[in-house]
Amino acid sequence: MASIKDVANLAGVGLGTASRALSGKGYVAPETKRKIEEAARKLSYTPNVFAQNLLKNRSGIIGILVPALDHCFFSRLVQELESDLYKKGYKTMLCCTVSGGHGEEDYLDMLENNLVDGIITATHSFNDEAYLRSKRVVVSFDRDFGGHIPMVRSDHKAAGRMAAEHFIDRGCKKILNIYGEDAREGHISVGMAHRELKDCLEAAGIQVLEEYTRQDKFDMGYYSEIAGRCLERYRDVDGVFASDPLAEAFLWEGERRGKKIPQDLKIISYDGTEMTRSISPRISAIVQQIDKISQDLTNILTRRIQGEEIPEDKITEILWRQGETC
């Protein structure tokens with residue numbers, strides 16, 4: 001692989017002149033610049049971006065932590081983040097803290113020691129102190145660290161109210177409100193949607209039953225097991241509010257038990273990924289706008305890397321998508 005020194009020798013110029021010509025920083029006479037560029041083409045020279053970034057105390061790499069990629073929401077979020085970061089000149093290092101078989105702490109230590117410029121975390125399992133001590137720029141999705149780490153999230157309270165209004169309008173009497181056990185603690189903000197749903201329904205005199213899923217399980221087999229168990233335990237429930245894959249599991253398990261959807265069981269999912277539109281009947285969903293969430297995360301992160309102070313949290317609007325299950 002040719003070096004910039006090889007280019008300078010072929011063009012008959014000094015190393016500094018070749019560097020200025022190829023980086024575009026500093027004046028080089030037009031004829032001299034033409035010779036240098038021609039030499040670079042002949043030698044198939046490409047600049048060592050990693051070395052350049054090290055000189056600037058930058059790596060051009062962003063670490064992304066998610067629980068798993070077999071969950072439809074996180075796989076879509078990672079796709080959007082990789083695309084948005086690439087447009088801003090960054091590559092990504094992806095860490096799956098559950099399905100990858102490694103602990104969140106191990107991955108955070110690795111990112112700290114490998115000169116990433118920043119970290120986007122969408123995980124919910126590790127203690128806050130390690131992130132608050134981090135020397136890297138950190139931005140959180142949906143996890144409230146307090147302190148100096150900005151958070152991007154959807155308007156979860158509006159989501160809970162929206163779901164409650166639809167259940168009330170459809171005449172539901174008993175709703176199953178099911179979500180991750182980690183969101184019960186309060187620092188995972190998606191729990192706000194489920195708490196708001198419960199408050200609104202109970203204020204309208206509607207009974208709300210609550211169940212919780214494990215934070216380290218994301219496969220459809222597990223979701224089907226949970227849905228089947230709940231439908232056996234609560235045979236008169238007539239509405240379910242759950243995440244996309246869990247809502248799909250309730251759809252299949254409900255039909256398998258002879259329930260008519262939506263006459264006997266009304267289902268609203270929260271996330272609204274493509275899977276809610278790819279099955280029949282299509283699931284009614286409250287949509288988290290993943291593309292806007294990704295843009296907010298990358299904008300805040302890159303601006304903070306450049307030294308801007310952006311302490312405010314960012315809340316994105318949610319949308320209703322009418323399906324055939326509510």
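This is a predicted model: local features need pLDDT of at least 70, side-chain atom pairs count only at pLDDT 80 or more; totals for chains, interfaces and linings use all residues.
Residues are numbered from 1 along each chain as its sequence is written. Local features need pLDDT of at least 70, side-chain atom pairs count only at pLDDT 80 or more, and totals for chains, interfaces and linings use all residues, while side-chain values use heavy atoms, without hydrogens and water.

**Helix pairs**

Helices are DSSP runs of H or I with at least four residues, strands are E runs of at least two, and both are numbered from the N terminus. Axes are lines fitted to C-alpha atoms, for helices over the stretch in contact; angles run from 0 to 180 degrees between N-to-C directions.

| Pair | Axis distance | Crossing angle |
|---|---|---|
| α10 (residues 220–233) and α11 (residues 244–256) | within 8 Å | roughly 55° |
| α5 and α12 | 9 Å | about 45° |

The α10 angle makes that helix oblique to α11. α5 and α12 are likewise oblique to each other. Angles under 35 degrees count as roughly parallel, over 145 as roughly antiparallel, 65 to 115 as roughly perpendicular, and the rest as oblique. The crossing of α10 and α11 is right-handed; so is that of α5 and α12. Right-handed means the near helix is turned clockwise from the far one by less than a right angle.

Contact means heavy atoms within 4.5 Å. On the α10 side, residues including Y223, I226 and L231 meet α11 residues including L246, F250 and E253. By class, this contact has 10 nonpolar, 3 polar and 2 charged residues. Ala, Val, Leu, Ile, Met, Phe, Trp, Tyr, Cys and Pro count as nonpolar, Asp, Glu, Lys and Arg as charged, and the others, Gly among them, as polar.

F73, L77 and L81 are among the α5 residues in the other contact, with I293, L297 and L301 among those of α12. Its residues divide into 8 nonpolar, 3 polar and 4 charged.

**Cores**

A nonpolar core is a set of buried Ala, Val, Leu, Ile, Met, Phe, Trp, Tyr and Cys residues joined through side-chain atoms within 4.5 Å. Buried means under 20% relative accessible area, exposed over 50%, partly exposed in between (1.4 Å probe, protein chains only). The largest core has 48 residues; L77, L176, F250 and L297 are among those with the most contacts inside it. Elements that each supply at least two of its residues include β6 (174–180), α10 and α11. Another core, of 23 residues, lies apart from it and includes F167 and Y270.

**E181**

E181 sits in the loop between β6 and α9 (191–203). Its relative accessibility is 30%, so E181 counts as partly exposed. Its C-alpha lies 5.9 Å from that of R214, 33 residues apart along the chain.
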